[in-house]
Amino acid sequence: MKSLSVLLVFLVMVSCNKGGVTNKPLKTEIDSVSYAIGMDVARNVQTNVSEMDKDLFIQGFVNALDSAELKIPQDKVQVLLSTYFQKKQLEARKKQQEEAEKRALDEFGDVKAEGEKFLEENKTKEGVKVTDSGLQYIVLKEGSGDKPTPMSRVKVHYHGTLADGTVFDSSVDRGEPATFGVGQVIKGWTEGLQLMTVGSKYKFFIPQELAYGASPRQGGPIKPFSPLVFEVELLEVLN
């Protein structure tokens, strides 16, 4: 917000001098610094608030200085600005994600197609249940203990593979159960764990959109758009 204020003050100075910007020579170091700051501010304005209505900005600036009747209450200003820039950040992040997904799809479209085929065939197999989200699961053993909530921490044993059976992670192989928050894992796990009671063992077939989608860990064994298969045993709900 402080940086924005500096940018806007600069804009009003320029806008109020529409008759012509003073063309002063750069004679001293501070002259050069002053000019460089102006260049930097202009670049930031173009990057961050290029769509701003300068006339309305000048009106707000002058009204605030003159204590005139304001169109926006003073106590609403920071909330309005914070909301706007948060929205801009979310829009920029969404655009980056969409561009990254498009690049990944160009390279790994075959993985996506194979995964969709695997899940389409799998859901017709005996014992496979499908949730509204598309998560598929088989009950290997039903327990009788508590069910976790999204806020719970749980202790589990699991064995994770790709659709072709390649093992990429396994607490069973390590011989040590894993502990984590139900809401801190991929969507397929978060949903699946809440179906289970302590003592249960389920097999999950997780669509890529409920797993890592287009952005798995770089350099790891999971390719973009890969469905994942987990055998999960819920040992304990810790809280």
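Is Glu-231 buried, partly exposed or exposed, and at what relative accessibility? In this predicted model, Glu-231 counts as partly exposed, its relative accessibility being 28%. The residue takes part in a salt bridge with Lys-201, in which the closest N and O atoms are 3.8 Å apart; because Lys-201 lies in strand β6 and Glu-231 in strand β7, the pair ties together parts that are 30 residues apart in sequence. Lys-201 is likewise partly exposed, with a relative accessible area of 29%.

The protein chain comprises six helices and seven strands, which follow one another along the sequence in the pattern α-α-α-α-β-β-β-β-α-β-α-β-β. Of the 239 residues in the protein chain, 30% are buried, and the accessible surface comes to about 15,900 Å², with carbon and sulfur atoms accounting for 53% of that area. When contacts between residues at least 6 apart in sequence are considered, 71% of them join residues at least 24 apart.

Strand β2 (residues 136-141) pairs in the antiparallel sense with strand β1 (residues 129-130) over two bridges, Lys-129 having Tyr-137 as its bridge partner in β2. Five residues lie between the strands in this hairpin, where Gly-134 adopts a positive phi near 105 degrees. β2 also pairs with strand β6 (residues 201-206), again in the antiparallel sense, over five bridges, and in this pairing Lys-203 of β6 is the bridge partner of Ile-138.

Aromatic side chains also connect β2 with β6. Nine aromatic pairs are found in the whole structure; in one of them, the rings of Tyr-137 and Tyr-202 have their centres 5.6 Å apart and their planes at 5 degrees, so the pair is stacked. Since Tyr-137 belongs to strand β2 and Tyr-202 to strand β6, this pair ties together parts that are 65 residues apart in sequence, and both Tyr-137 and Tyr-202 are buried. Elsewhere, ring pairs link Tyr-158, Phe-168, Phe-180, Trp-189 and Phe-230 into a cluster.

Apart from neighbours within four places in sequence, Phe-230 is in contact with residues including Tyr-158, Phe-168, Ile-186, Trp-189, Tyr-202 and Ile-206.

Helix α5 (residues 171-174) contains Ser-171, which is buried with a relative accessible area of 0%. Beyond neighbours within four places in sequence, the contacts of Ser-171 are with Val-156, His-157, Tyr-158, Glu-176, Pro-177 and Ala-178.

Six salt bridges are present in the structure.

Conventions
Residues are numbered from 1 along each chain as its sequence is written. This is a predicted model: local features need pLDDT of at least 70, side-chain atom pairs count only at pLDDT 80 or more; totals for chains, interfaces and linings use all residues. Side-chain values use heavy atoms; hydrogens and water are left out. Two strands pair if DSSP finds at least two bridges between them. Helices (H or I, at least four residues) and strands (E, at least two) are DSSP runs, numbered from the N terminus. Buried means under 20% relative accessible area, exposed over 50%, partly exposed in between (1.4 Å probe, protein chains only). Contact means heavy atoms within 4.5 Å. Accessible areas come from the Shrake-Rupley method with a 1.4 Å probe; for residues, only the protein chains shown count as cover. Rings of Phe, Tyr and Trp (its six-membered ring) pair if their centres lie within 6.5 Å; planes under 30 degrees apart count as stacked, over 60 as edge-to-face and the rest as tilted. A salt bridge is a side-chain nitrogen of Lys or Arg within 4 Å of a carboxyl oxygen of Asp or Glu.
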